[in-house]
Amino acid sequence: MREVDGKTVSIIDHSYKRRSDLTIRDKMLCESLKARIHHRLRPAVNRAFSFDAARMERYIVACYDATTGGHFRPHRDNTTKGTAHRRFAVTINLNEDFDGGELRFPEFGRRTYRAPLGGAIVFGCGLLHEATPVTRGRRYAFLPFLYDDAAAAERAANNVYLGEGVQPYRYG
């Protein structure tokens, strides 16, 4: 997502990000995922950051494929009006038969992080981060964003800044 002429738009640049996303549209599955995230992660985020992550955005399964050079260069997740409400990013690995694809925070060194199968990494959306290239296999991950009720008002107000083809998120 980038801001162009005051609007948040989706720009495809495979040198910057190479990933395939599947949006989960089944409402019952989305509700089940939301319940699991809120049951497991909401209390942990509250304990660690004194933040009530009452809302969740984006129900996608991402695929980083070694055959296409799957990666996501360093970026932040809340730098446009259409994404400013995002407070925490979540990455949950859905498989483990891949190499590469780790999470790195370049401002804090070269160390990489990899959640175990079904485990989550939760981090602030303002942190510069990247997904390193997958070098073998395919990495599948569930990648929602968390935010609170105050940020929901910001999100609603900023929907007017979404560019053509960029839809407001559902099931928040």
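1. Arg86 is buried, at a relative accessible area of 4% (buried means under 20%, exposed over 50%, partly exposed in between, with a 1.4 Å probe and protein chains only). You'll find Arg86 in the loop between strand 7 and strand 8; helices (H or I, at least four residues) and strands (E, at least two) are DSSP runs, numbered from the N terminus. Ser10 is 76 residues away from Arg86 along the chain, and their C-alpha atoms are separated by 16 Å.

2. A word on the ground rules. This is a predicted model, where local features need pLDDT of at least 70 and side-chain atom pairs count only at pLDDT 80 or more, while totals for chains, interfaces and linings use all residues. Numbering runs from 1 along each chain as its sequence is written, and side-chain values use heavy atoms, with hydrogens and water left out.

3. Two backbone angles to look at. Ser50 isn't a glycine, yet has a positive phi of about 50 degrees. Ser50 is in the loop between helix 1 and strand 5 (55-57) and, with 67% relative accessibility, counts as exposed. Arg58 is another non-glycine residue with a positive phi, near 80 degrees. Arg58 sits in the loop between strand 5 and strand 6 (60-65), but Arg58 is buried, at 15% relative accessible area. For background, most residues other than glycine have a negative phi.

4. On to the core. Which residues have the most contacts inside the largest nonpolar core? They are Ile24, Ile37, Val45, Met56, Tyr59, Phe142 and Leu146, in a core of 16 residues. A nonpolar core here is a set of buried Ala, Val, Leu, Ile, Met, Phe, Trp, Tyr and Cys residues joined through side-chain atoms within 4.5 Å. Helix 1 and strand 8 (88-93) each bring at least two residues to this core, and helix 1 gives the most, with 5 residues. In soluble globular proteins, nonpolar side chains tend to be buried together.

5. Tyr59 is 30 residues from Leu29 in sequence and 9.4 Å from it in space, C-alpha to C-alpha. Leu29 itself is in helix 1 and is partly exposed, with a relative accessible area of 40%. Phe142 is 19 residues from Phe123 in sequence, with 14 Å between them in space, C-alpha to C-alpha. Phe123 belongs to strand 12 (residues 120-124) and counts as buried at 6% relative accessibility.

6. On a 1 Å grid over the protein atoms alone, a pocket is an open set of points where a 1.4 Å probe fits, with protein on both sides within 12 Å along at least five of seven lines, and lining residues have an atom within 4 Å of a point. The lining has 13 residues, with Leu33, Arg36, Ile37, Ile92 and Gly118 nearest the centre. Helix 1 (residues 27-49) supplies the largest share of the lining, 5 residues. By type, the lining splits into 9 nonpolar, 2 polar and 2 charged (Ala, Val, Leu, Ile, Met, Phe, Trp, Tyr, Cys and Pro count as nonpolar, Asp, Glu, Lys and Arg as charged, and the others, Gly among them, as polar).

7. Now the rings. The whole structure has 6 aromatic pairs, meaning rings of Phe, Tyr and Trp (its six-membered ring) with centres within 6.5 Å; planes under 30 degrees apart count as stacked, over 60 as edge-to-face and the rest as tilted. Why does the pair of Tyr16 and Phe72 count as edge-to-face? The ring centres are 5.8 Å apart and the planes are at 75 degrees. Because Tyr16 lies in the loop between strand 2 (7-9) and strand 3 (17-18) and Phe72 in strand 7 (residues 71-75), the pair ties together parts that are 56 residues apart in sequence. Tyr16 is partly exposed at 26% relative accessibility, whereas Phe72 is buried at 11%. Phe49, Phe51 and Phe88 make up one aromatic cluster.

8. Last, a charge over a ring. The charged end of Arg114 is 3.8 Å from the centre of the Phe98 ring and sits over it (NZ of Lys or CZ of Arg must be within 6 Å of the ring centre and within 35 degrees of the ring normal).
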